[in-house]
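Subject: Handing over the structure

Hello,

Here is the structure I promised to pass on to you.

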Amino acid sequence: MIYVDNASTTKISDSVFEKMLPFLREQYGNASSQYSFGAKVKRAVEVARKQVAVALGAEPSAITFTSGGSEANSWVLRCVAESHYNEPVHIITSTIEHHSVLMASRALEQHGVEVTFLPVDNMGRVSVESVIAAIKPRTKLVSLMLANNEIGTLQPIAEIGQLLKEKGILFHTDAVQAVGHIPVDIDNLQVDLLTASAHKFSGAKGTGILYKRPDLKLSPLVFGGEQERGLRAGTENVAGIVSAGYAIEESVAEMPATSKRLKEMVKATVKGIKEAIPSVRVNGDTENHLPGMINLGFDGVSGESLMHLLDLRGIFVSTSSACTSGMGKPSHVLLALGLSEQQAKSAIRISYGRYNSVCEVDTVVTTVCDACAKIIANR
Amino acid sequence: MKKKCCYICGKEALSKNEIGLTKKLLGKDSRRFYCLDCLAEYLEIDTEFLLAKVEEFKEQGCTLF
């Protein structure tokens, strides 16, 4: 089996798994309990909070744990809008955001919030100028992703952050695909809010991270308890939180070496496939992108069929068009780049991760090329 | 609608699953269709594997099956 869908989720690190395991077995106390059995668990949560804070260059008090990136994204959009009750609210985002941002924005529109969905260029980049042009007196929030989940393009977040800071507009970045993969520093990015997810960097599923500038007031997501400083009530997912702490620490420590290797693997993949299929299209920004991610388009080939043929060979990639009928909708991200519906449906995403080895690249390249040949021969 | 037959062995009146598998694995624009055995041979895999995939696709709610 060759798993190259690490943008979807990652294998949990063995050492991280060992660290979280005690909190699923012998150290099962409730972190909110006052006795020592609970206090010990609470300490583990706080250690994790500090680990995450150090990795992001933030204060521990600025970190809140959630159930995942989608929850954190939805929370930011809804609560920022709700905090301006009875005021006109305008939010700026982009057309290529994750659905947790796009759908939350659409839902807010139903409640009278005005949302501007910024276009992107053919590489998936939002321009700083378009952000400036979209700002209105009632703009309360700008939410733009740091790295796109389908094409890996990185946005000029630091540049936009500087601009928005000067204008006093809240800035949120969905950094789910970036944290643990590229350096992410709160001060450098100049964001007020940032979201991440542990299972994207070899932590456990079910743990998200929200960075919130310490002096920023955000209304609670869940009421009924003092967990997470009263912002998100409910007994903590201690094992998941512990995994997030150790996983981010490990990912950051290994980042330089991993990143270098992943870039080489992506380069070799493109080169190998281009030799056999010169018409292959690389979707997204080939310079400013996540180190292990590549989105490829094959004319005359259904991305979904290609994904299934690779699956039959034990290679797991993803297609941008989620589909259950064979006639799925094309990716909103690829359409936003200006691709036709047919081109968008011809794409697959390969996302290498820290557990992939360079020797797997040849197999991936050969199998992709063989599968494309079988599909094309059948047309 | 004209019934589809296998491009390799000529088996007539391919089943919904056989037509669905061809479309799912080789594209909805496929001009050639295959019976289960010939598709397995073309893709160099076991027929049992393909049958398991049919069940997987059905569980996912795919309307091709």
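Predicted model: local features only at pLDDT ≥ 70, side-chain atom pairs only at ≥ 80, totals over all residues.

Residues are numbered from 1 along each chain as its sequence is written, chains are lettered from A and ligands numbered from 1 in the order in which they are written, and side-chain values use heavy atoms, with hydrogens and water left out.

Let me begin with where the two chains meet. Contact (heavy atoms within 4.5 Å) links 26 residues of chain B with 18 residues of chain A. The size of an interface is often given as the accessible area lost when the parts come together. Here the buried area (accessible area, with a 1.4 Å probe, that two parts lose on being put together, summed over both) is about 1,900 Å², and carbon and sulfur atoms give 51% of that. The rule finds four salt bridges across this interface, a salt bridge being a side-chain nitrogen of Lys or Arg within 4 Å of a carboxyl oxygen of Asp or Glu. One of the salt bridges joins the side chains of Asp29(B) and Arg379(A), at 3.7 Å from N to O. On the chain B side, helix H1 (16-26), helix H2 (36-43) and helix H3 (47-59) each supply at least two of the residues that touch chain A. Helices (H or I, at least four residues) and strands (E, at least two) are DSSP runs, numbered from the N terminus.

The buried ones are Leu36(B), Cys38(B), Leu39(B), Ala40(B), Tyr42(B) and Leu43(B). Their cover includes H1 and H3 of chain B, together with helix H9 (303-312) and helix H12 (360-377) of chain A.

Most residues other than glycine have a negative phi. Glu44(B) is exposed, with a relative accessible area of 60%. Asn86(A) sits in the loop between helix H3 (69-82) and strand S3 (90-94) of chain A, and it is exposed at 71% relative accessible area.

Now to strand S7 (residues 193-197) of chain A, where five of five residues are buried. Both faces are covered, with Leu193(A), Thr195(A) and Ser197(A) on one side and Leu194(A) and Ala196(A) on the other. Two strands pair if DSSP finds at least two bridges between them. S7(A) pairs with strand S6 (residues 170-174) of chain A in the parallel sense over three bridges, and with strand S8 (residues 208-212) of chain A in the antiparallel sense over five bridges. Thr195(A) is the bridge partner of Asp174(A) and also stands opposite Leu210(A) in S8(A).

Val179(A) lies in the loop between S6 and helix H7 (186-189) of chain A and is buried, with a relative accessible area of 2%. Not counting residues up to four places away in sequence, Val179(A) touches Leu56(A), Val184(A), Leu194(A), Ala196(A), Phe201(A) and Ile248(A).

Lastly, four strands of chain A form an open sheet with antiparallel pairing, in the order S9-S10-S13-S12. Strand S9 (281-283) and strand S12 (318-319) are at the edges with a single partner strand each, so one side of each is left without a neighbour in the sheet. Strand S10 (residues 293-297) and strand S13 (residues 347-351) pair over five bridges in the antiparallel sense, and Ile294(A) has Ile350(A) as its bridge partner. Asn295(A), found in strand S10, counts as buried at 0% relative accessibility. The side chain of Asn295(A) reaches the backbone oxygen of Glu150(A) at 2.9 Å.

Happy exploring!

Key:
Buried < 20%, exposed > 50% of the residue type's maximum accessible area, 1.4 Å probe, protein only. Polar contact = N/O pair within 3.5 Å; in protein donor to acceptor, adjacent residues only side chain to side chain.
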